[in-house]
Amino acid sequence: MPETILPLILFALVSTSTPGIATTLSTASGAQFGFRRSIPLMAGSAAGLASVAAAGAAGLAGLLAAVPSLQLAMKIAGSAYLVWLAFKIGRSGPPNLDVSMAKPNSFFGGASVQWMNPKGWAMGLGAAASFAALAEGPLQLALLLGAVFGLAAALSLSLWCVAGTLLARLLKTERQWRALNIVLGLVLAASIVPMWRPA
């Protein structure tokens, strides 16, 4: 079983590590408030992504069981979105770290960011379509995806938060940020490959 879920873990780690709403918030919060005061935001965001992935898997897995050809359509749509997102990330500049927050965001603020985040829904639904064979039913798939995406988000958001202060100090130019974003975009695009390997 560990070998079979390795592509899912890689997919979750890479997709939660790429720049987006939650990572930018974590980076900005780390730069402005430090790691400890940013924990509620990161915990809420990780729990929010876990619940989004689980909800998507629970509903989608049942639908995929009834209409197996839908899995291919979901895989194509999810891959196309992730390629577009990788391209967008690769062309982006530095994140806006000058966000004026009077206090760190709350647990529920972090969770609501994920519930409204199209990237989070696309990741969860794409993973459900691509990795449905890892579970015997919708509930098992929901639990698996919820756990994997929740832990991956907790790890990646923690790293972005810690990196917030360092990135703000080390990366001074737009060119440096562009180089980082190109690398992250390429890594995200490469994470699509395991989704297309035969089961």
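Ring pairs link Phe-11, Phe-131 and Phe-149 into a cluster. The model is predicted, so local features need pLDDT of at least 70 and side-chain atom pairs count only at pLDDT 80 or more, while totals for chains, interfaces and linings use all residues. Residues are numbered from 1 along each chain as its sequence is written, and side-chain values use heavy atoms, with hydrogens and water left out.

**Exercise 1.** Classify the pair formed by the rings of Phe-11 and Phe-131.

*Solution.* Rings of Phe, Tyr and Trp (its six-membered ring) pair if their centres lie within 6.5 Å, and planes under 30 degrees apart count as stacked, over 60 as edge-to-face and the rest as tilted. By this rule the count comes to three aromatic pairs. For Phe-11 and Phe-131 the centres are 6.0 Å apart and the planes stand at 50°, so the pair is tilted. Phe-11 lies in helix H1 (residues 2-17) and Phe-131 in the loop between helix H6 (118-130) and helix H7 (138-170), so the pair ties together parts that are 120 residues apart in sequence; helices here are DSSP runs (H or I, at least four residues), numbered from the N terminus.

**Exercise 2.** Decide whether Phe-149 is buried or exposed.

*Solution.* Buried means under 20% relative accessible area, exposed over 50%, and partly exposed in between (1.4 Å probe, protein chains only). At 0% relative accessibility, Phe-149 is buried.

How values were computed. Helices (H or I, at least four residues) and strands (E, at least two) are DSSP runs, numbered from the N terminus.
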